[in-house]
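Here's a quick walk through one model, with an eye on its sheet and its charged pairs. Have a look at the structure first.

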Amino acid sequence: MRTAVADADRDRGCGLRSGVRAAATDGYTPVPVDACSVHVELRLFGPFRDDTGVESVTLETDAGTYRDLLREVEGRYPALSGRLLDAEGEGLAGEVVVTRDGKNVRHLDGLSTPVTDGDVVRMIPSVYGGS
């Protein structure tokens with residue numbers, strides 16, 4: 001069964017997250033999974049930016065999906081814990097908007113959207129208020 005994550009892993013030379021990379025120069029020698037890490041640019045807005053002190057940062061990650069990436073970001077920035085993913089860790093928290101290269105991940109493959117090298121990830125909190 002082909003999935004978007006499997007296709008993205010294949011495109012970047014990774015195995016199916018079995019613990020080793022499938023193809024090396026000789027085609028047989030396994031290569032550690034960390035050779036499959038990618039770089040993404042993370043941009044935070046509003047209260048996320050204020051609470052972390054981070055406007056933009058490049059992260060090296062081996063996250064395969066946006067669900068994995070958001071879990072990793074919540075772990076790296078405790079001020080965001082529970083604010084990106086719902087209590088079960090399976091959906092986005094509230095009305096948070098997460099985009100990949102300008103497209104809302106909800107309109108792609110949701111949190112199963114594969115992370116690819118060079119993604120620009122924007123995390124925008126829902127802000128309510130007014131009088």
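Which side chain meets that of Arg43 in a salt bridge? In this predicted model, the partner is Glu41, at 2.7 Å from N to O.

## The Arg43 pair

Neither end of this pair is hidden away: Arg43 counts as partly exposed at 26% relative accessibility, and Glu41 counts as partly exposed too, at 23%.

## The sheet and its helix

Five strands make up an open sheet with mixed pairing, in the order S4-S3-S7-S5-S6. Strands S4 (56-61) and S6 (103-104) sit at the edges with a single partner strand each, so one side of each has no neighbour in the sheet. Helix H3 (residues 66-76) packs on the sheet, where it touches S3 (38-44), S4, S5 and S7 (120-124). The direction of H3 makes about 115° with that of S4.

Over at S6, two bridges tie that strand to S5 (residues 97-100), and the two run antiparallel. Thr99 has Asn104 in S6 as its bridge partner.

The whole structure holds seven salt bridges. One of them joins Asp119 to Arg100 at 3.4 Å, N to O. This pair links distant parts of the chain, 19 residues apart: Asp119 is in the loop between S6 and S7, while Arg100 is in strand S5. Asp119 counts as buried, at 1% relative accessibility.

Salt bridges with shared partners also join Arg67, Asp68, Arg71 and Glu90 into one network. Within H3, Asp68 and Arg71 lie three residues apart, about one turn of the helix, and their side chains meet at 3.9 Å, N to O. Asp68 is partly exposed at 31%, as is Arg71 at 38%.

Technical notes: Residues are numbered from 1 along each chain as its sequence is written. This is a predicted model: local features need pLDDT of at least 70, side-chain atom pairs count only at pLDDT 80 or more; totals for chains, interfaces and linings use all residues. Side-chain values use heavy atoms; hydrogens and water are left out. Two strands pair if DSSP finds at least two bridges between them. Helices (H or I, at least four residues) and strands (E, at least two) are DSSP runs, numbered from the N terminus. Contact means heavy atoms within 4.5 Å. Axes are lines fitted to C-alpha atoms, for helices over the stretch in contact, and angles run from 0 to 180 degrees between N-to-C directions. A salt bridge is a side-chain nitrogen of Lys or Arg within 4 Å of a carboxyl oxygen of Asp or Glu. Buried means under 20% relative accessible area, exposed over 50%, partly exposed in between (1.4 Å probe, protein chains only).
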